[in-house]
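Begin with the whole, then follow the sheets, the cores and a few single residues.

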Amino acid sequence: MESPEASTIRGVYPLTGMSILIAGGGIGGLTFAIEAYRKGHDIRILEKRPNFEGYGDEGHASFLFNQLGIKVEFSTTVEDYFETDGEGVVILADGQKLAADLVVAADGVDSKSWALGNISSWSSPQEPHHCKGVEGYPQRASIHLGPEAHVVLGKTDDHGAEEDWDKIVPTDKALQYIDGWEPVLAEVVKATPNNRCTDWNSVIQLGDSAHSFLPTSGTGAAMVMEDAYSLATCLQLGGKTNITLAVRVHNKLRFERVSCAQKTGFKNRELFHDTDWDTYVYDNYGKGVDHVITGAPFRNTNTPPGYEYKPWTVKELMDASDRREPVVDEGDWS
């Protein structure tokens with residue numbers, strides 16, 4: 001029988017009957033677990049650490065999951081991911097296999113889920129479009145990135161390689177993922193023997209498993225929590241019979257925003273770190289001395305162009321945030 005807390009949080013949305021395995025109990029995994037539970041999904045978390053120690057308010061985290069009844073299996077390491085028709089599957093370190101309607105890989109930047117691609121295709125080693133650009137190399141690969149898929153185009157000297165995954169689709173479906181991409185990719189897919197490719201739909205990455213951030217972005221935790229709310233809601237709206245569609249919509253809704261947040265890290269790094277600091281001191285030390293000793297005017301040039309410093313406090317910014325007022329400054333902060 002559910003606790004009053006569980007009944008309250010779970011009673012907001014009808015049950016979906018959708019089973020979800022979450023690999024990883026970090027910020028993203030736990031946030032998604034709570035929101036997905038609230039949206040009516042059946043949740044199970046696999047966490048390699050032995051407990052919630054290190055989560056800040058460890059007691060609160062344990063209390064929350066105990067009261068909600070969300071199953072958390074500690075000291076459980078996911079070693080591999082794969083799919084069958086309609087299910088995502090994980091293989092644990094002890095060899096055990098667990099399956100669910102959807103597997104969410106929230107196990108960080110070194111997630112084993114990267115072994116899965118959206119579409120896998122094998123073509124003849126003598127296929128001319130495949131061989132173009134790789135002649136003279138026994139092995140070579142290139143990576144092509146897009147908004148809903150990525151393609152690894154490779155050449156291997158193992159002519160006896162065989163494709164043996166379970167879930168196959170016609171190449172026509174594979175071509176939909178790469179419509180408008182480089183023509184060579186479409187030609188390779190078209191040359192796939194027996195008009196078959198492997199399609200992965202029941203494993204999705206969340207947070208750093210899907211998109212890592214530079215520390216200078218300052219948005220990694222926020223983005224993973226947004227991922228969690230978005231995915232849980234898309235699955236609730238799509239329902240158990242439309243998981244693949246819901247996952248693809250989630251990716252579409254999140255890709256561009258996350259990409260912008262990732263790029264912010266590089267912009268901030270260039271702005272605040274890619275600076276010749278000792279040269280700046282050599283150029284400005286004398287002016288600084290004059291300012292300190294005589295009060296001569298001096299203005300730094302290592303800040304955003306057009307910005308003139310004005311005193312501010314954290315409380316002022318927090319109060320403005322509570323009032324939902326944007327922080328506006330002079331100058332070019334792009």
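Accessible areas here come from the Shrake-Rupley method with a 1.4 Å probe, and for residues only the protein chains shown count as cover. On that basis the accessible surface of the protein chain comes to about 20,000 Å². Carbon and sulfur atoms hold 54% of that surface.

The model is predicted: local features need pLDDT of at least 70, side-chain atom pairs count only at pLDDT 80 or more, and totals for chains, interfaces and linings use all residues. Residues are numbered from 1 along each chain as its sequence is written, and side-chain values use heavy atoms, with hydrogens and water left out.

The protein chain has 334 residues, and 35% of them count as buried. Buried means under 20% relative accessible area, exposed means over 50%, and partly exposed lies in between (1.4 Å probe, protein chains only). Contact means heavy atoms within 4.5 Å. Among contacts in the protein chain with a separation of 6 or more, 66% join residues 24 or more positions apart.

The protein chain contains 10 helices and 13 strands. Both are DSSP runs, numbered from the N terminus: helices are H or I with at least four residues, strands are E with at least two. Two strands pair if DSSP finds at least two bridges between them. Strands of a sheet pair through backbone hydrogen bonds, either parallel or antiparallel.

Start with the parallel sheet. Five strands make an open sheet in the order β3-β2-β1-β7-β13. Its edges are β3 (71-73) and β13 (203-205). Each has a single partner strand, so one side of each is left without a neighbour in the sheet. Neighbouring strands here are turned by 20° against each other on average, direction ignored. Such angles run from 0 to 180 degrees between N-to-C directions, and the axes are lines fitted to C-alpha atoms, for helices over the stretch in contact.

Within this sheet, β1 (residues 19-23) and β2 (residues 42-46) pair in the parallel sense over 5 bridges. Leu-21 has Arg-44 in β2 as its bridge partner. Helix α2 (residues 27-38) lies across β1, β2 and β7 (102-105). The helix runs at about 165° to β2.

An annotation covers part of this region. In an unreviewed entry, UniProt lists residues 12-34 as "transmembrane region". UniProt positions are given in the numbering used here, feature names are shortened, and annotations may be inferred rather than shown by experiment. In the model, residues 12-34 are 35% helix and 22% strand. The end C-alpha atoms of that span lie 13 Å apart.

Now turn to the antiparallel sheet. Its 3 strands form an open sheet in the order β4-β5-β6. The edge strands, β4 (78-84) and β6 (97-100), each pair on one side only. Neighbouring strands of this sheet are turned by 25° against each other on average, direction ignored.

β4 and β5 (residues 87-92) pair over 6 bridges. Tyr-81 meets Val-90 of β5 as its bridge partner. β5 and β6 pair over 4 bridges, and Gly-88 has Ala-100 in β6 as its bridge partner. The hairpin of β5 and β6 has 4 residues between the strands, and Gly-95 takes a positive phi near 90° there. On β6, Leu-98 and Ala-100 form the covered face, while Lys-97 and Ala-99 form the uncovered one.

The largest has 28 residues; Ile-20, Ile-22, Phe-32, Ile-43, Val-104 and Leu-235 have the most contacts inside it. Elements giving two or more residues to this core are β1, α2, β2, α3 (58-68), β7, α7 (220-238) and α8 (243-272). The largest share, 6 residues, comes from α7. Apart from this core lies another, of 12 residues, among them Leu-21, Leu-46, Val-90 and Val-103.

Finally, consider two backbone details. Ser-75 lies in the loop between β3 and β4. Its phi is positive, about 55°, although Ser-75 is not a glycine. Ser-75 counts as exposed because its relative accessibility is 53%. Arg-324 lies in the segment after α10 (314-322). Phi of Arg-324 is also positive, near 60°. At 78% relative accessibility, Arg-324 counts as exposed.

Conventions:
A nonpolar core is a set of buried Ala, Val, Leu, Ile, Met, Phe, Trp, Tyr and Cys residues joined through side-chain atoms within 4.5 Å.
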